[in-house]
Amino acid sequence: MGSCVFCRGPTSRFLISGANLMIPGVVGVEGESSVIEGGMALIFSLGTQCPYAIGVFSKNAEENSESGVGVIVTHCYKDELWQDTVSAFAASCGALSSSTQTVPSYFKEDSVEEDLSGFTADQDETQAPEAAGDVEKHAEEENQSTEWNDLFKEEDNILNFCLCSTVRTISASQLPMPLTKFTSLVSLSYPRGVSCQPVSFEKTKHKKALAFFESIPDFLKITEQQKGVHVLESVNKSSIFFRENKTIFEEYYTKVFLPALDEESLKLEAERLKDTKLVFHQKIVSYSIIFKPKKQLLSEELIRVLLLGKHSTAAENKFPSFEEVATAKTEKVPEENDAAEIREALNEVYLKKDIHANLMSYIKSNSLLKPGEDGGLPTILLHGALGDLPSKGCSEAPLNKVVDYTLHCFQQMYELVLQTSVVGAEATGGSIPPRTIIKTGVIPSVHVWAERSHSKKEVTIVKNLEALGFNIDLFAHTWKKKFSVSCSVTDPSKDMHNLKPGKKVPLEIHVQGNKVNLVLDALKEAGVPSDAIVQGK
């Protein structure tokens, strides 16, 4: 029948508003052995006997993640199906007294209340262990909230947290970034779950965001492109400032800030979607192919060369003379700082052009380019740090092979920034924040083709669009109006009789008629990369 999922009473408000159930909102689960992606979940308020929502477990739930959507809600108390059923029941049972109670008393207008009367201090731990343990945990969290408020009493702590939490989300592929955009991101990264509001730099002691950023030159590199126009050129995540603040706020950031931010975003989107007067547009505003280091394949010297761009030249590697030893005054970087810099570098992602530039700089400065014999192609000597590349024992190789050896030390990934914009005269309140999607492998392909349906009518099919993070229901609704034809989301797995259990089949958007060219144009307008669009099955 499925697993029973218990939540606190206030969580029901978000689900009734149209949101899915986030993992941080789950108190406990009965029947955890059946928590698999696509498995049925019955959602209860803590201590109650009747579920108020039903859904399916996400991949996050199966993998026991600490954040993200845990249950995708398919039906909930007070949704349209509920209202239609209640209306039909009332019409067919008109003879019943109007005072007849059809739902439990704890089903309120906009929430489903919890009942903690059954949880006592000396309760037997064998009875609903997940729920009882969560009550104690919740009490601890309430006590800890006082500590979080104390943490952000000082203005400096608030500003430092906003800055560092923003930098955590910025990858090298997003730089350089206009300072106006960076400032906006910092302002909106204010602490959640405590008494804080979005940062207004005019009200701080710095008066201007630029003054605050320039006060930390070892962390942020700000350049002026033209008079009055500044950009964030780079960030130094190995700086002492960043490492110290990351340590100070780490527990709050992971336990409070990130879950609250997820819940806030979902709530805002649910509220927006309820307003039928608003028009939504989704667009990919940034797309990058990025590379994450494989720690087990990179020696410390390769990390310095390929990731940090630091290396010694051939001249610097020569043995010094007696005079140079006698007169040298060198300052060694503390080993702990060097180790911290290497750790930070391994946790970053990189663009191919930056890796290639560091590689070529090392080859040039160490004279590793060997001219080809008898007019042949030049080769690269695999000496020094390049001797640590996974080159199958080769002592030299053509440049293209050296690049392949180098990229073998990285995991290819892709990064998308998806923006959902709200258009409408009555649109009020905060905008839906952009969502960054980073996944391993190559970007999924979106297939577009036209074919004849069973009724011999031509239909245009768009497959796998949701793999890029898009809400395909929004696209179907938009295209229906834009093309003035029938348009709907279809699950092709329903017609597959020999489908293996657990296998996921991409959903499709079916557009009436041959609208391939119009759909291709619409996908390009939505920012779908050209290399991700395939015309055909």
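Hi everyone, let's start at Thr 379, which lies in strand β13, residues 379–381; strands here are DSSP runs of E, at least two residues, and helices are runs of H or I, at least four residues, both numbered from the N terminus. Please keep in mind that this is a predicted model, where local features need pLDDT of at least 70, side-chain atom pairs count only at pLDDT 80 or more, and totals for chains, interfaces and linings use all residues. Residues are numbered from 1 along each chain as its sequence is written, and side-chain values use heavy atoms, leaving out hydrogens and water.

Is Thr 379 buried or exposed? Thr 379 counts as buried, because its relative accessibility is 16%, and buried means under 20% relative accessible area (1.4 Å probe, protein chains only). Leaving aside neighbours within four places in sequence, Thr 379 is in contact with several residues, including Leu 368, Lys 370 and Pro 398; contact means heavy atoms within 4.5 Å.

Now to the cores. The largest nonpolar core has 36 residues, and Phe 152 is one of those with the most contacts inside it. A nonpolar core is a set of buried Ala, Val, Leu, Ile, Met, Phe, Trp, Tyr and Cys residues joined through side-chain atoms within 4.5 Å. Apart from that core lies another, of 30 residues, among them Val 448 and Ile 509.

Last stop: helix α9, residues 300–307. Why is α9 largely enclosed by the rest of the structure? Because six of its eight residues are buried, including Leu 302, Arg 304 and Leu 307. Just after α9, Gly 309 takes a positive phi of about 65°.

Conventions: Buried < 20%, exposed > 50% of the residue type's maximum accessible area, 1.4 Å probe, protein only.
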